[in-house]
Amino acid sequence: QLVESGGGLVQPGGSLRLSCVVSGLTLDDYAIGWFRRAPGKGQEGHQGVACIDNMGGRDIYADSVKGRFTVSEDNAKNTVYLQMNSLKSEDTAVYYCAAQPRKYGRGAACQGIHYGYWGQGTQVTVSS
């Protein structure tokens, strides 16, 4: 089970930190990715916006969030975070965390089709 929290309303330029608490799976065996669905749109290209690298290397970010979003994990708490800074109106979306087995390898990271476990989502609204 994956449960997201931390969403809310924030002004442009502001920050939010999302959390994804994982139960029934361990972060030693599963890598987490963050995806989003904007109002009236499908999931952003079926690509994650920020994903933990399956092999423990450099994490993966969509071009639209590079330099602004940071994904991190706390294995002791079995929780993954998404720190979002310099938020823009176009970041408004429902954000989902998802898990895939690390054994799938780096090539599968951030590819939505390879994630078999999904949370229910948390709404992020960026507006003045």
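## Terms and model

Two strands pair if DSSP finds at least two bridges between them. Strands (E, at least two residues) are DSSP runs, numbered from the N terminus.

This is a predicted model, in which local features need pLDDT of at least 70, side-chain atom pairs count only at pLDDT 80 or more, and totals for chains, interfaces and linings use all residues. Residues are numbered from 1 along each chain as its sequence is written, and side-chain values use heavy atoms, with hydrogens and water left out.

## Strand 11 and its partners

Strand 9 (residues 93–101) pairs with strand 11 in the antiparallel sense, over three bridges. Within this pairing, Tyr95 has Thr122 of strand 11 as its bridge partner.

Strand 2 (residues 8–10) also pairs with strand 11, in the parallel sense and over three bridges. Here Gly8 is bridged to Val124 of strand 11.

Strand 11 spans residues 122–126. Thr122, Val124 and Val126 make up the covered face of strand 11, while Gln123 and Thr125 lie on the uncovered one.

An open sheet is formed by four strands in the order 1-3-8-7, with antiparallel pairing. Strand 1 (2–5) and strand 7 (69–74) are at the edges; each has a single partner strand, so one side of each is left without a neighbour in the sheet. On average, neighbouring strands of this sheet are turned by 15° against each other, direction ignored; the axes are lines fitted to C-alpha atoms, and angles run from 0 to 180 degrees between N-to-C directions.

Strand 7 and strand 8 (residues 79–84) are joined by six bridges in the antiparallel sense. Ser72 has Tyr81 in strand 8 as its bridge partner.

Terms used:
Buried means under 20% relative accessible area, exposed over 50%, partly exposed in between (1.4 Å probe, protein chains only).
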